[in-house]
Amino acid sequence: MRTGALQAAGDAMLRRRSAVPALVPLLGAALKDPEPENRARAADLLAAAGDAGAAFDDRLAAALDDPHRPAALRAAWALARHGDVRAVPALTHALDHEEDDGFGPSAHYGGNFYWFTRPPLREALEACAPAHGPLLVPALRSALARCLTGRRPADGAATAPVDLPRLHLLCDALAACGPAAAEALPELAALLAAGHPRPACTVIEALGPAAGHCRPLLERAERTALAAASAGLSTCPTAPADSSAASVTSPTRPRPPGPVDHCLTALTVARTRFAVDGDEAALLRTVDTVLTSTAALCRGVEETPGRPRSAAAAAAIRDTAALASAVARCLAALGPGAGASRMRRPEQWLRANEWRWRSHESVAVARAHRRVTGDSGLALQVFGRVLETRPGAAYSPIELAALRALTDLGPEARALAPLLRACRDRDERLCDGGGWRGMALDEEARQRAAAALSAGAR
């Protein structure tokens, strides 16, 4: 019966915001339930409750010694979600003992009932890192070094990472550590030298000038990516941007990078280098090179609602959207003025694909367009379309991206005040997710909407 009650509590919390404060005290009491699985479920729900569950952090800390390992792990997960330093030993143990850490992947579950799943290591680290980065960085560095030295290529020329998803997890966690991540610059430099710059750029861009000695490696990575893109584009200067490489890959193997992938890497590295050295001219040169070299690929690629006619058409659509977003993000880093003329192609893509405004690429281009041109009209149209809710519709990370962008608009955000108030004030959850993630996304949406309304009131 108590197990069923905990499931019902999770379902209620997932559907209604008001259920959280009413049920959290009962969850705190359930941490002492005689049934170990019930203790684990109570800790899991206190993690999902976010800050509202922090009132029971002392009990959760005591549960770290629970003989039932799933209950102890979920207590650590809850403490990490609350930013409590007592979660750090469990997280560093998980990093040091990858084969037996007890944490799980960053899974997504749909549905309107609460899924009890293994706690995700990535989100646990990212939640705890802002407050306790200096304590986590040594373990993250060691894990990153082990990942880099996992195996060597046949020619022995360089160290090759064994697991790119693991690299992305570690670099995302390092980026969340803030300035403390500067201690990991030797490992990040090794990652750049190993030919996988994108994960490293996640951290280096956040560190900015503190990563100054990585500049030569960034320059080399950028040149390498542009050279690879040029070599690939020279073989098909007018063909659609088909990076799928279907003829040389299989469903079980990741596709090799195509010319557009190399262009995207070059833009990512160029934006990171700008964050490090502030060289505006260098960033613009890379943007110009990519715009010129991909003009033929993007010409004639038009998106229409419905399924693409072929795999090549789908690849062309995907690549054109990715290029528009990546160029826009580079120009947004420059701010108003310098990038205005170069914003033309991303703007043209955005206006030509109105049906696709509910996408991460469209939100990124709209946000950059407003920052570069100073004109908020197009951005407000896109954000309004994204935030419109239909009966039964749910929010996703795309809506959250639009809400984050709205806080930059200041008083201009008043144009979307009715949508923002509806997001902030409703009791029903906005986000589609069958576990802690749906609750966390909804809570962030509510906070972002409140922040945008506050910015619009100034």
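Biologist: What should I keep in mind about the numbering and the model?

Modeller: Residues are numbered from 1 along each chain as its sequence is written, and side-chain values use heavy atoms, without hydrogens and water. The model is predicted, so local features need pLDDT of at least 70 and side-chain atom pairs count only at pLDDT 80 or more, while totals for chains, interfaces and linings use all residues.

Biologist: How many helices and strands does the protein have?

Modeller: There are 21 helices and 0 strands. Both are DSSP runs, numbered from the N terminus: helices are H or I with at least four residues, strands E with at least two.

Biologist: Why is Glu222 called buried?

Modeller: Buried means under 20% relative accessible area, exposed means over 50%, and partly exposed lies in between (1.4 Å probe, protein chains only). Glu222 has 4%, so it counts as buried. Its place is in helix 11 (residues 215–234). Of the 458 residues of the protein, 49% count as buried.

Biologist: What makes Arg273 and Glu222 a salt bridge?

Modeller: The definition asks for a side-chain nitrogen of Lys or Arg within 4 Å of a carboxyl oxygen of Asp or Glu. For Arg273 and Glu222 the N to O distance is 3.1 Å, so the pair qualifies. The pair links distant parts of the chain, with Arg273 in helix 12 (residues 259–277) and Glu222 in helix 11, 51 residues apart. Both Arg273 and Glu222 are buried. Salt bridges that share partners join Arg215, Glu219, Glu222, Arg273, Asp277 and Asp279 into one network. The whole structure holds 31 salt bridges.

Biologist: How do you know that Asp172 and Arg122 tie together separate parts of the sequence?

Modeller: Their closest N and O atoms are 2.4 Å apart, and they form a salt bridge. Asp172 lies in helix 8 (residues 164–176) and Arg122 in helix 7, so the pair ties together parts that are 50 residues apart in sequence. Asp172 has a relative accessible area of 23%, so it is partly exposed.

Biologist: What is Arg74 in contact with, leaving aside its neighbours within four places in sequence?

Modeller: Contact means heavy atoms within 4.5 Å. Arg74 touches Ala40, Ala43, Asp44, Thr117, Arg118 and Pro119. Arg74 and Thr117 are 43 residues apart in sequence and 9.6 Å apart in space, C-alpha to C-alpha. At 12% relative accessible area, Arg74 is therefore buried.

Biologist: Which residues of helix 2 are buried, and why are they said to be on the same side?

Modeller: The buried ones are Ala19, Val20, Leu23, Val24, Leu27, Gly28 and Ala30. They cover an arc of only 155 degrees around the axis, which puts them on the same side of helix 2. That arc is taken from the directions from the helix axis to the C-beta atoms. On the other side, Pro21, Ala22 and Leu26 are exposed. The buried residues pack against helix 1 (2–15), helix 3 (36–48), helix 4 (57–63) and helix 21 (436–457).

Biologist: Why is Trp115 called partly exposed?

Modeller: Its relative accessibility is 34%, so Trp115 counts as partly exposed. Trp115 sits in the loop between helix 6 (88–96) and helix 7 (121–148).
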